[in-house]
Amino acid sequence: MVKLNEEMKTAFSKVKIFPVATASNEGIPNVIPIGFCQLVDDETIWISDNFMAKSLANLKENPNVAVYVWGPDTGGCFQIKGKAEIIISGEKFEKMKAIVHAAKPGLPAKNLIEVRISDVFQCAPGPDAGKKLL
């Protein structure tokens with residue numbers, strides 16, 4: 001596991017919609033916009049599955065996930081990679097569900113996708129594009 005630094009955590013907190021990428025075992029990619037993506041500590045992200053279909057199927061086959069962090073106020077961009085675990089019950093699941101329902105009561109919050117951060121890469125164009133940051 002790697003831990004995001006303060007600059008990365010600040011940038012993460014300013015993003016409203018996160019592009020989240022998964023792939024099937026055959027390598028067929030899928031990218032979706034996620035609004036409920038929360039940094040719960042320096043090395044863990046929670047994603048709420050409200051309407052996932054292809055992404056959830058991909059994660060059941062292949063736990064690798066990428067989250068793109070960029071927005072007008074982030075001062076740059078980076079990609080977080082990690083391994084996802086699908087959590088369907090328990091304390092963490094109930095906590096995520098309460099957070100989602102407090103913000104948007106009509107959303108189902110069907111599963112908690114817990115991502116353990118393994119790598120962070122530079123996404124800004126230029127000579128350091130694709131450089132491993134963490």
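These legends describe close-up views of a predicted model.

**View 1. Helix α2 and its buried side.** Helix α2 spans residues 54–61. Its buried residues are Ser55, Leu56, Asn58 and Leu59. Seen down the axis of α2, these residues fall within an arc of 160 degrees, so they line one face of the helix. Exposed Lys54 and Lys60 sit on the face turned away from that buried side.

**View 2. Packing partners of α2.** The buried residues of α2 pack against strands β1 (18–23), β2 (29–34) and β4 (44–49). They also pack against β5 (64–69), β6 (78–87) and β7 (111–122).

**View 3. The largest nonpolar core.** This core holds 25 residues. Ile47, Val69 and Ile80 touch the most other members. Two or more residues come from each of α1 (6–13), β1, β4, α2, β5, β6 and β7. The largest share, four residues, belongs to β7.

**View 4. Surroundings of Val69.** Leaving out residues up to four places away in sequence, Val69 touches Ala11, Phe12, Val15 and Phe18, among others. Its contacts also include Gly76, Cys77, Phe78 and Ile80.

**View 5. A second, separate core.** Eight residues make up this core. Among them are Met96, Val100, Leu107 and Ala109.

**View 6. Asn62 in the loop between α2 and β5.** Asn62 has a relative accessible area of 14%. That value is under 20%, so Asn62 counts as buried. Its side chain makes a polar contact with the side chain of Asn64, at 2.8 Å. Asn62 also touches Ala23, Ser24 and Asn25, again leaving out residues up to four places away in sequence.

How values were computed:
Residues are numbered from 1 along each chain as its sequence is written. This is a predicted model: local features need pLDDT of at least 70, side-chain atom pairs count only at pLDDT 80 or more; totals for chains, interfaces and linings use all residues. Side-chain values use heavy atoms; hydrogens and water are left out. Buried means under 20% relative accessible area, exposed over 50%, partly exposed in between (1.4 Å probe, protein chains only). The arc is that of the directions from the helix axis to the C-beta atoms. Contact means heavy atoms within 4.5 Å. A nonpolar core is a set of buried Ala, Val, Leu, Ile, Met, Phe, Trp, Tyr and Cys residues joined through side-chain atoms within 4.5 Å. A polar contact is a pair of N or O atoms within 3.5 Å; within protein, one must be able to donate a hydrogen and the other to accept it, and residues adjacent in sequence count only if both atoms are side-chain atoms.
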